[in-house]
Amino acid sequence: MEDRTPFEAIEHQFGLNEQAVIKLMRKSLKLSSFKLWRERASGRKTKHLLLRSSSVSRGYCPTQYKQR
């Protein structure tokens, strides 16, 4: 999962709220990987649409996907 994707976009696309995403990540990742992800995601302005700058109009990094 890309770190900058807002929780609201994840909920809209997959029906998982923030707490469900955290539970899924905790269950799916090794403990050390989960802790690193949680540290990156906690307090990150891009993880919530209301905190995000209005100049950011995408839910993912443009370099995230390979150009075809």
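Modeller: Start with Arg-38, which lies in helix H3. Keep in mind that this model is predicted.

Biologist: Is Arg-38 buried, exposed or partly exposed?

Modeller: Buried means under 20% relative accessible area, and exposed means over 50%. Arg-38 has 25% relative accessibility, so Arg-38 counts as partly exposed.

Biologist: What separates the C-alpha atoms of Arg-38 and Asp-3?

Modeller: A distance of 9.7 Å, although these residues are 35 apart along the chain.

Biologist: Now helix H2. Which residues of H2 are buried?

Modeller: First the general idea. An α-helix has 3.6 residues a turn, so residues three or four places apart point the same way. H2 spans residues 18-28, and Val-21, Ile-22 and Met-25 are buried there. Viewed down the axis of H2, the buried residues fall within an arc of 100 degrees, so they line one face of the helix.

Biologist: Which residues are exposed on the other side of H2?

Modeller: Gln-19, Lys-23, Arg-26 and Lys-27.

Biologist: What do the buried residues of H2 pack against?

Modeller: Their partners are helix H1 (7-14) and helix H3 (31-41). Next, look at the largest nonpolar core, which has 8 residues. Val-21, Ile-22 and Met-25 belong to this core, along with Phe-7, Ile-10, Phe-34, Trp-37 and Ala-41. H1, H2 and H3 each supply at least two of the core residues.

Biologist: Which side-chain oxygen reaches a backbone nitrogen at the start of H2?

Modeller: One from Asn-17. This oxygen comes to within 3.2 Å of the backbone nitrogen of Gln-19.

Note on methods:
Residues are numbered from 1 along each chain as its sequence is written. This is a predicted model: local features need pLDDT of at least 70, side-chain atom pairs count only at pLDDT 80 or more; totals for chains, interfaces and linings use all residues. Side-chain values use heavy atoms; hydrogens and water are left out. Buried means under 20% relative accessible area, exposed over 50%, partly exposed in between (1.4 Å probe, protein chains only). Helices (H or I, at least four residues) and strands (E, at least two) are DSSP runs, numbered from the N terminus. The arc is that of the directions from the helix axis to the C-beta atoms. Contact means heavy atoms within 4.5 Å. A polar contact is a pair of N or O atoms within 3.5 Å; within protein, one must be able to donate a hydrogen and the other to accept it, and residues adjacent in sequence count only if both atoms are side-chain atoms. A nonpolar core is a set of buried Ala, Val, Leu, Ile, Met, Phe, Trp, Tyr and Cys residues joined through side-chain atoms within 4.5 Å.
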